[in-house]
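Subject: Structure handover

Dear colleague,

Please find below the structure I promised to pass on, followed by some notes on what came out of the analysis.

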Amino acid sequence: MGLGLWFRTGLLMAVLTGLLMAIGYVFGGPNVAFLMFLFSMAFNFITYWYSDRIVLSWYRARIVDENEAPELYAVVRKLAENAGLPMPRVAIIPSETPNAFATGRDPRHAVVAVTTGLLRILDRDELEGVIGHELTHIKNRDMLIGTFAAAMAGAIVQLAYWARWIAIFGGFGRDEDDAGNVLTAILIAVLAPIAAMLIQAAVSRSREFLADEGGAKISGKPWALASALMKIEQAVRYRPMRNGNPATAHMFIVNPFRGMSIANLFSTHPPTEARIERLRKIAEEMGYSPTF
């Protein structure tokens, strides 16, 4: 893992740990802040080693073998060879909202997950474009920091929700500092999710363009990836995910939570139109005459 990725991952751990400690300090002072520090250290360790399992469990994703999904397996194997990557595990998410993501701490422990809706609406060329995109995330090791951010941001958002309810229903003592404590708790409840969202946006947005470019080159079919993006974007508008965790929005090839108010704050992807325009230019550079 390159120094740049180590630095970004370490910085993310430090920032999110600081947020957890700040929440702890508000609720119980230095002692609780120290407990939150210990909790964050343990959570960092667990998240590094098991974040892929955590995220897959949120979506009831099931690891499948070649007998269960032969065409999907064939596509992943072919493109992994093209990319010079070890064969990742393959998972299917039981959701009619078409989408896909990659997770895992490194290429040897990677998982490519796709929804049943994606397999239903895409043809093989389009599927190859999407899988190429996700394999590029694996090759660039984006999925480590992306999966880690999802797990940590999810924890912070949950703590912030608890802070909000404690502030509303009164979880503090009755001394003269009550009003200040409640106000601070509300502030933390508002700012913590926003800070987590900003971190995710900084991690993800520019990486999507790079993954699109890599996916077009690995599959050799930039037009197919553009077509897949258009189909997924249109489908998400009419059938967004309702049961997922918005903290994972940045992991998907297209934000799957359109239409949900809190999910709109997790918008971590460049506009699909801009991505398609870049793919048009890539197709021209590869010698194709774009028809999209």
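The side chains of Arg 62 and Glu 68 form a salt bridge with an N to O distance of 2.5 Å, where a salt bridge is a side-chain nitrogen of Lys or Arg within 4 Å of a carboxyl oxygen of Asp or Glu. Arg 62 is partly exposed at a relative accessible area of 46%, and Glu 68 is likewise partly exposed, at 43% (buried means under 20% relative accessible area, exposed over 50%, partly exposed in between, with a 1.4 Å probe and protein chains only).

Before going further, please note that this is a predicted model, in which local features need pLDDT of at least 70 and side-chain atom pairs count only at pLDDT 80 or more, while totals for chains, interfaces and linings use all residues. Residues are numbered from 1 along each chain as its sequence is written, and side-chain values use heavy atoms, with hydrogens and water left out.

Searching the whole structure gives 16 salt bridges. One of them joins Glu 208 to Arg 275, with the closest N and O atoms 3.5 Å apart; because Glu 208 belongs to helix 6 and Arg 275 to helix 9 (residues 272-285), this pair ties together parts that are 67 residues apart in sequence (helices are DSSP runs of H or I, at least four residues, numbered from the N terminus). Both Glu 208 and Arg 275 are buried. Within helix 9, Arg 280 and Glu 277 lie three residues apart, about one turn of the helix, and their side chains meet in a salt bridge at 3.3 Å, N to O.

His 133, in helix 4 (residues 124-139), is buried at 0% relative accessibility, and its contacts (heavy atoms within 4.5 Å), not counting residues up to four places away in sequence, include Glu 208, Asp 212 and Arg 275.

Finally, Arg 278 lies over the face of Phe 209, 3.7 Å from the ring centre (the criterion being CZ of Arg, or NZ of Lys, within 6 Å of the ring centre and within 35 degrees of the ring normal).

Methods
Helix = DSSP H or I, 4+ residues; strand = E, 2+ residues; numbered from the N terminus.
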